Each structure stands twice: as C-alpha cells, then as structure tokens.
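Open the model in a viewer and keep the selection tool at hand. The stops below follow one after another.

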Amino acid sequence: MTLRTFAAIAVIATTACGRTPPSGGTTTSAPATMTAVGPIPGPAGDSTGLADRPHGDANPYSEDRTATAEGRQLFIRFNCVGCHGGRAGGGMGPSLRDVDWLYGDGEAQLYSSIAEGGARTAWPSWQPRLTPDQIWKLVTYIKSLRTRNEPNPPPSQ
C-alpha cells in the first residue's frame with residue numbers, strides 16, 4: 001500500500017470521529033497535553049468499568065427490530081464501516097459476522113467491547129461519545145448479523 005493510499009484511508013476512517021452523536025450522545029476532546037488524531041483507544045479518564053451501565057448485563061433492545069435498524073444507522077454514522085466494512089464483513093478491523101470472537105460474543109461482552117475499546121489496539125473507546133442506549137442498539141445490530149432479522153444483509157451467493 002502506498003503512503004498516499006494509506007493517508008487517504010486514514011482521512012476517510014476518521015471523518016466521523018468528531019461529529020456530534022445523534023439522539024443525545026456527547027463528544028469529548030483530547031486533553032490539551034496530547035494531540036489526538038481520531039478517537040483515543042481504551043477507557044476514557046477515570047472510568048470505573050461499566051458499573052454505570054443501565055440495565056446491567058441485560059440488553060433492553062434484544063429482538064427489537066426498530067433498535068436493530070437504529071443500531072445499523074449508528075454503525076454507519078460513527079464510521080464503524082471504515083474498519084469493519086459496510087455490512088460488518090471486515091476490512092482494517094475484524095469481521096463482525098464471524099462466529100468466533102476474541103473478546104466474547106455475549107451481549108454484555110459486546111457492550112463492554114464497544115464502550116471500553118481495545119487497550120492494545122487502535123480500537124477506540126466509544127463510551128465518551130455514545131450514550132448507553134446507543135451502545136445497546138449497536139449491540140442489537142451486531143447480534144442481528146447472520147440472522148433473518150439483519151437489516152440490509154449482503155446479497156446471497
């Protein structure tokens with residue numbers, strides 16, 4: 001891959017990072033002592049884990065088709081497609097359509113993965129930018145992949 005191609009991909013992948021989230025999420029900026037390019041991986045600030053997670057480990061949107069569609073829209077708006085592909089089939093980031101997942105495929109595990117990010121990867125923490133309800137809707141969309149409830153599935157082969 002040429003340097004010019006890599007630079008173009010980096011610009012495209014970070015385009016949505018500074019946007020104001022839809023439906024009540026908030027954005028945060030990097031501390032003045034660091035220059036951030038895109039989201040900062042790992043938990044934000046003094047995060048104590050997910051004790052603040054409403055609904056505990058239970059996804060309030062499981063099997064909710066409206067929430068599934070909203071989760072897909074969040075997936076697109078927050079440029080998850082930049083790494084995971086348009087239908088979550090993979091790209092720079094791993095496929096979310098696989099059955100084997102490094103950090104677990106339970107709904108609470110997915111919530112934690114989205115909220116906290118990957119400590120040893122460029123995978124950002126979305127907890128500062130998304131509300132808990134938005135994270136649960138993303139979880140609902142991701143869990144719909146490979147099922148009859150998936151909105152906008154890839155064409156059958």
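**Stop one: an arginine in a helix**

Select Arg-72, which lies in helix α2, residues 65–77 (helices are DSSP runs of H or I, at least four residues, numbered from the N terminus). This is a predicted model, in which local features need pLDDT of at least 70 and side-chain atom pairs count only at pLDDT 80 or more, while totals for chains, interfaces and linings use all residues. Residues are numbered from 1 along each chain as its sequence is written, and side-chain values use heavy atoms, with hydrogens and water left out.

Arg-72 is buried (buried means under 20% relative accessible area, exposed over 50%, partly exposed in between, with a 1.4 Å probe and protein chains only). Arg-72 has no salt bridge (a side-chain nitrogen of Lys or Arg within 4 Å of a carboxyl oxygen of Asp or Glu). Glu-150, the nearest side chain of opposite charge, is 6.6 Å away (Lys and Arg count as positive, Asp and Glu as negative; His and the chain ends are not counted). Now show Gly-86: the side chain of Arg-72 reaches its backbone oxygen at 3.0 Å.

**Stop two: two cysteines**

Cys-80 counts as buried at 15% relative accessibility, and Cys-83 as partly exposed at 30%.

**Stop three: a covered helix**

Move to helix α4, residues 107–116, where seven of the ten residues are buried. Among them are Leu-110, Tyr-111 and Ile-114. Just after α4, Gly-117 takes a positive phi of about 75°.

Note on methods. Helix = DSSP H or I, 4+ residues; strand = E, 2+ residues; numbered from the N terminus. Polar contact = N/O pair within 3.5 Å; in protein donor to acceptor, adjacent residues only side chain to side chain.
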